[in-house]
Amino acid sequence: TIISMLVTSIYNMADTFFVSQISTSASGAVGVMFSAMSMIQAIGFTLGMGSGNHISRSLGNRDEERAGVFAATAFYTAAIIGTAILVFGTLFSRQLVFFLGATQTIAPYAQDYARYILIGAPFMMTSFVMNNILRSQGNAVFAMVGITVGGILNMILDPLLIFGLNMGISGAAIATMVSQMISFAILLYQCNARPDCIKIQLSKFRPSGKVYGQILHAGLPSFCRQGLASAAAVILNFAAGPYGDAAIAAMSIVTRFMMFINSSLIGFGQGFQPVCGFNFGAERYDRVLEAFWFCVKVAVIMLTVFGVVSFGISRPIITAFRREDLQVIEIGTLALRLQLLTMPFQAWVIMVNMLTQSIGYGFRASLVAMGRQGLFLIPALLILPKMFGILGLQMAQPIADMMTFVLATVIVSGILKELGQMRENQN
């Protein structure tokens, strides 16, 4: 699962790296479209993780029919929504890129990039659903294969199309689109051809208010986390706009790199979720608590190590993306170092979110998910740059991380007491 998440983030980081070699405006265009891709990812994760939690519990209760209904409903709903995004996004692509925060110089690059990214939207969204469906059954290796093949293919096609065939930023978008289609095909095969996997069957597509309500209740934290990340990315683009294309490009690079580091922990947390869901459904609350504390220890150590190593090489990291623009390097280096200082606190927040979501505490999980990218980051982006200039832009995410840490600690303390009491009653 960690590998799956790392490879998923490589889709975005590879495009950022190779496109940044073209120009600063082209690099900014990838950052602008990142918010749209985040929204596509948010919907896919919402449907995938929302259905996945119920699939885990259904299998824990030996109810395979119910698990199949959730799998099919999430998959076909994602396909319909992804197609709608493709149609309307293509029709209004110019309005879309300006809505996402593009400047006049970035907009032409963003439109070229969006043209092909939107074609891949249905495949991207359904792939996220299938990835979560496979993981919820404990088949993380099958999910990893589909995602990994697509990620490796993307890294191969990017330089070939951008520079070898001289296609520029359109080549990066085509590489991503083709890679997502390949991943989709592999994941669909894994779901329907493996005898030990829940099959995605059209006959079990039973859209109803009850089924969608259950999916959304469990998946809402994912939507809050990813959806608000998309909204925050748009606001970040607008907040960086007054400082020029270099600021948009620098913050885009930092965002992609931090997403790459965090994806390892999110993957680890998602590996914890089926363990948590199965045992909670089986009323083994002792195992739920044991798994949670084990994962917290590993997560804090893992992100602390990543943070320390990355802090020492922050400037070379940013330079690797855009060595020709000193302004991008200066802005990005400080922003990256400030965000790396909060890595241990992010580990705690993510694991608290995974626990609350997996055991069905939807509202409290949503609050934690909304904290980092919504409740705290968006106000910080609106207020701090006006007070401190570009330094406020660079400080916004670390301050939001610390405030989310406090919120998560308050919320999980009550939940851990409840689980402890349930364990005692069980004994």
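Predicted model: local features only at pLDDT ≥ 70, side-chain atom pairs only at ≥ 80, totals over all residues.
Biologist: What volume does the largest pocket have, and which residues are closest to its centre?

Modeller: The volume of the largest pocket is about 200 Å³. Its lining is made of 13 residues, and A36, M39, I85, L96 and L100 are the closest to the centre.

Biologist: Which helix gives the most to the lining of that pocket?

Modeller: Helix α2 gives the most, with four residues. At least two lining residues come from each of α2, α3 (64-91), α4 (93-99) and α9.

Biologist: Let us turn to cavities. How many of 30 Å³ or more are there in the whole structure?

Modeller: There are four of them. The largest cavity holds about 740 Å³ of space. It is lined by 42 residues, of which A229, M259, N262, R372 and Q373 are the closest to the centre.

Biologist: And the lining of the largest cavity by class: how many nonpolar, polar and charged residues?

Modeller: That lining has 21 nonpolar residues, 18 polar residues and three charged residues.

Biologist: Which helices supply at least two residues each to the lining of the largest cavity?

Modeller: Among them are α1 (2-20), α2 (24-60), α9 (209-240) and α10 (245-281). Towards the end of the list are α14 (343-358), α15 (362-375), α16 (377-388) and α17 (390-426). Helix α10 contributes the largest share of the lining, 10 residues.

Biologist: A single residue next. Where is V7 placed, and is V7 buried or exposed?

Modeller: V7 is in helix α1. V7 counts as buried because its relative accessibility is 9%, and the cut-off for buried is under 20%.

Biologist: What does V7 touch, residues up to four places away in sequence aside?

Modeller: V7 touches I147, T148 and G151.

Biologist: Salt bridges now. How many are there in the whole structure?

Modeller: The whole structure has three salt bridges. One of them joins E330 and R315, with the closest N and O atoms 2.8 Å apart. E330 belongs to helix α13 (residues 326-340) and R315 to helix α12 (residues 314-321), so this pair ties together parts that are 15 residues apart in sequence.

Biologist: How accessible are E330 and R315?

Modeller: E330 is partly exposed, at 41% relative accessibility. R315 is partly exposed too, with a relative accessible area of 32%.

Biologist: Which residue forms a salt bridge with R115, and how are the two arranged in the helix?

Modeller: R115 pairs with D112, and their closest N and O atoms are 3.5 Å apart. R115 and D112 are separated by about one helical turn, because they are three residues apart in helix α5 (residues 107-119). R115 is partly exposed, at 42% relative accessible area, and D112 is partly exposed at 27%.

Biologist: And which residue forms a salt bridge with D286?

Modeller: D286 has R284 as its partner, with 2.9 Å between the closest N and O atoms. D286 counts as partly exposed, at 25% relative accessibility, and R284 is partly exposed with a relative accessible area of 29%.

Notes. Residues numbered from 1 in each chain as written. Heavy atoms only, no water. 1 Å grid on protein atoms, 1.4 Å probe; cavity = no way out; pocket = protein on both sides within 12 Å on 5 of 7 lines; lining within 4 Å. Points joined across faces, edges and corners; volume = space filled by probe spheres on them. Nonpolar A, V, L, I, M, F, W, Y, C, P; charged D, E, K, R; others polar. Buried < 20%, exposed > 50% of the residue type's maximum accessible area, 1.4 Å probe, protein only. Contact = heavy atoms within 4.5 Å. Salt bridge = Lys/Arg side-chain N within 4 Å of Asp/Glu carboxyl O.
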